[in-house]
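Please look over the sequence and the model below before reading the briefing that follows.

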Amino acid sequence: MAMKIRLARGGSKKRPFYRIVAADSRMPRDGRYVEKLGTYNPLLPKDSEERVKMDMERVQYWLGEGAQVTDRVSRMLEAAGVVEKKERNNPEKAKPGKKALERIEEKAAKAAEAAEAAAEAAAAPAEEAPAEEAAAEE
(Lines give C-alpha, C1' and ligand atoms only; values in the text may rest on other atoms or scores of the structure.)
Protein backbone atom coordinates (compact mmCIF):
# COMPACT_ATOMS: atom_id res chain seq x y z
CA MET A 1 0.00 0.00 0.00
CA ALA A 2 1.57 3.28 -1.16
CA MET A 3 1.03 5.86 1.57
CA LYS A 4 1.08 9.60 1.02
CA ILE A 5 1.08 12.51 3.41
CA ARG A 6 -1.08 15.07 1.65
CA LEU A 7 -3.75 17.75 1.98
CA ALA A 8 -7.46 16.87 2.01
CA ARG A 9 -9.63 19.90 1.31
CA GLY A 10 -12.56 20.78 3.53
CA GLY A 11 -14.29 24.07 4.18
CA SER A 12 -16.93 25.79 2.11
CA LYS A 13 -16.76 27.39 -1.30
CA LYS A 14 -14.08 30.12 -1.47
CA ARG A 15 -13.13 29.37 2.17
CA PRO A 16 -10.56 26.55 1.94
CA PHE A 17 -9.45 24.56 4.95
CA TYR A 18 -7.17 21.55 4.71
CA ARG A 19 -6.51 18.48 6.83
CA ILE A 20 -2.99 17.09 6.59
CA VAL A 21 -3.59 13.35 6.34
CA ALA A 22 -1.79 10.06 5.83
CA ALA A 23 -3.79 8.31 3.11
CA ASP A 24 -3.49 5.51 0.58
CA SER A 25 -2.38 7.12 -2.69
CA ARG A 26 -5.22 5.36 -4.56
CA MET A 27 -7.93 7.07 -2.47
CA PRO A 28 -9.61 10.28 -3.69
CA ARG A 29 -8.18 13.61 -2.50
CA ASP A 30 -10.91 14.26 0.06
CA GLY A 31 -11.75 10.59 0.55
CA ARG A 32 -10.83 7.96 3.11
CA TYR A 33 -7.60 8.44 5.02
CA VAL A 34 -5.74 6.38 7.59
CA GLU A 35 -4.85 9.15 10.03
CA LYS A 36 -5.24 12.91 10.44
CA LEU A 37 -1.83 14.46 11.10
CA GLY A 38 -2.73 18.14 11.29
CA THR A 39 -4.48 21.10 9.73
CA TYR A 40 -3.66 23.96 7.37
CA ASN A 41 -5.73 27.14 7.15
CA PRO A 42 -4.52 29.30 4.22
CA LEU A 43 -6.86 32.17 5.18
CA LEU A 44 -4.80 33.01 8.25
CA PRO A 45 -1.78 35.35 7.95
CA LYS A 46 1.58 33.73 7.17
CA ASP A 47 3.05 34.52 10.60
CA SER A 48 0.16 32.96 12.54
CA GLU A 49 1.05 29.73 14.38
CA GLU A 50 -2.55 28.54 13.89
CA ARG A 51 -2.00 28.47 10.09
CA VAL A 52 -0.21 25.10 10.03
CA LYS A 53 -0.55 22.61 12.86
CA MET A 54 1.05 19.16 12.67
CA ASP A 55 1.57 16.21 14.98
CA MET A 56 5.31 15.89 14.31
CA GLU A 57 5.71 12.51 16.05
CA ARG A 58 3.11 10.92 13.79
CA VAL A 59 4.56 12.63 10.70
CA GLN A 60 7.98 11.17 11.58
CA TYR A 61 6.37 7.74 12.09
CA TRP A 62 4.73 7.80 8.65
CA LEU A 63 7.94 9.04 6.98
CA GLY A 64 9.69 6.11 8.68
CA GLU A 65 7.04 3.77 7.24
CA GLY A 66 7.97 5.03 3.76
CA ALA A 67 5.11 7.47 3.18
CA GLN A 68 5.70 9.90 0.31
CA VAL A 69 5.11 13.60 0.96
CA THR A 70 3.38 15.86 -1.57
CA ASP A 71 5.18 19.03 -2.64
CA ARG A 72 2.93 21.38 -0.64
CA VAL A 73 3.24 19.35 2.57
CA SER A 74 7.00 18.97 2.08
CA ARG A 75 7.30 22.76 1.94
CA MET A 76 5.44 22.99 5.27
CA LEU A 77 7.77 20.37 6.77
CA GLU A 78 10.80 22.28 5.44
CA ALA A 79 9.49 25.45 7.09
CA ALA A 80 9.09 23.50 10.34
CA GLY A 81 12.65 22.17 9.95
CA VAL A 82 11.66 18.48 9.86
CA VAL A 83 12.77 17.74 6.30
CA GLU A 84 15.93 19.17 4.72
CA LYS A 85 15.25 21.68 1.96
CA LYS A 86 15.13 20.27 -1.55
CA GLU A 87 16.85 22.12 -4.37
CA ARG A 88 14.05 23.19 -6.72
CA ASN A 89 14.68 24.55 -10.17
CA ASN A 90 12.06 25.54 -12.70
CA PRO A 91 13.80 27.30 -15.57
CA GLU A 92 10.53 27.29 -17.55
CA LYS A 93 8.93 29.63 -14.98
CA ALA A 94 10.86 32.70 -16.14
CA LYS A 95 10.09 32.15 -19.82
CA PRO A 96 7.12 34.07 -21.23
CA GLY A 97 4.08 32.08 -22.36
CA LYS A 98 2.77 31.67 -25.93
CA LYS A 99 0.54 34.75 -25.84
CA ALA A 100 3.32 36.93 -24.43
CA LEU A 101 5.71 35.72 -27.16
CA GLU A 102 3.12 36.55 -29.84
CA ARG A 103 2.70 40.05 -28.36
CA ILE A 104 6.48 40.57 -28.31
CA GLU A 105 6.71 39.52 -31.98
CA GLU A 106 3.85 41.89 -32.92
CA LYS A 107 5.56 44.76 -31.08
CA ALA A 108 8.86 44.02 -32.82
CA ALA A 109 7.14 43.95 -36.22
CA LYS A 110 5.37 47.28 -35.51
CA ALA A 111 8.61 48.84 -34.26
CA ALA A 112 10.43 47.71 -37.43
CA GLU A 113 7.66 49.17 -39.63
CA ALA A 114 7.77 52.44 -37.66
CA ALA A 115 11.57 52.59 -37.99
CA GLU A 116 11.33 52.03 -41.77
CA ALA A 117 8.66 54.73 -42.08
CA ALA A 118 10.78 57.13 -40.03
CA ALA A 119 13.84 56.39 -42.18
CA GLU A 120 11.83 57.04 -45.37
CA ALA A 121 10.39 60.24 -43.89
CA ALA A 122 13.87 61.41 -42.89
CA ALA A 123 15.25 60.67 -46.38
CA ALA A 124 12.40 62.42 -48.27
CA PRO A 125 12.56 65.89 -46.63
CA ALA A 126 16.33 65.99 -47.06
CA GLU A 127 15.82 65.90 -50.86
CA GLU A 128 13.03 68.51 -50.77
CA ALA A 129 14.87 70.95 -48.48
CA PRO A 130 17.28 72.46 -51.08
CA ALA A 131 14.34 73.27 -53.38
CA GLU A 132 12.59 75.10 -50.57
CA GLU A 133 15.75 77.11 -49.77
CA ALA A 134 16.10 78.09 -53.42
CA ALA A 135 12.48 79.30 -53.46
CA ALA A 136 13.09 81.35 -50.32
CA GLU A 137 16.16 83.11 -51.81
CA GLU A 138 14.24 84.35 -54.88
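Against which elements do the buried residues of α2 pack? They pack against β1 (3–12), β2, β3 (35–40), β4 (52–54), α1 (56–64) and β5 (68–69), where helices (H or I, at least four residues) and strands (E, at least two) are DSSP runs numbered from the N terminus. This is a predicted model, in which local features need pLDDT of at least 70 and side-chain atom pairs count only at pLDDT 80 or more, while totals for chains, interfaces and linings use all residues. Residues are numbered from 1 along each chain as its sequence is written, and side-chain values use heavy atoms, with hydrogens and water left out.

**Confidence**
- The chain averages a pLDDT (the predictor's confidence in each residue, from 0 to 100) of 82, and 88% of the residues score at least 70.
- Confidence is lowest in helix α3 (residues 98–137), with a mean of 73, and highest in strand β2 (residues 15–24), at 92.

**Helix α2 and Val21**
- In helix α2 (residues 71–80), the buried residues are Val73, Ser74, Met76, Leu77 and Glu78; buried means under 20% relative accessible area, exposed over 50%, and partly exposed in between (1.4 Å probe, protein chains only).
- Val21, found in strand β2, counts as buried because its relative accessibility is 1%.

**Salt bridges**
- There are five salt bridges, each a side-chain nitrogen of Lys or Arg within 4 Å of a carboxyl oxygen of Asp or Glu.
- One of them joins Arg26 and Asp24 (2.9 Å, N to O); Arg26 is exposed at 64% relative accessibility, whereas Asp24 is buried at 7%.

Technical notes: Contact = heavy atoms within 4.5 Å.
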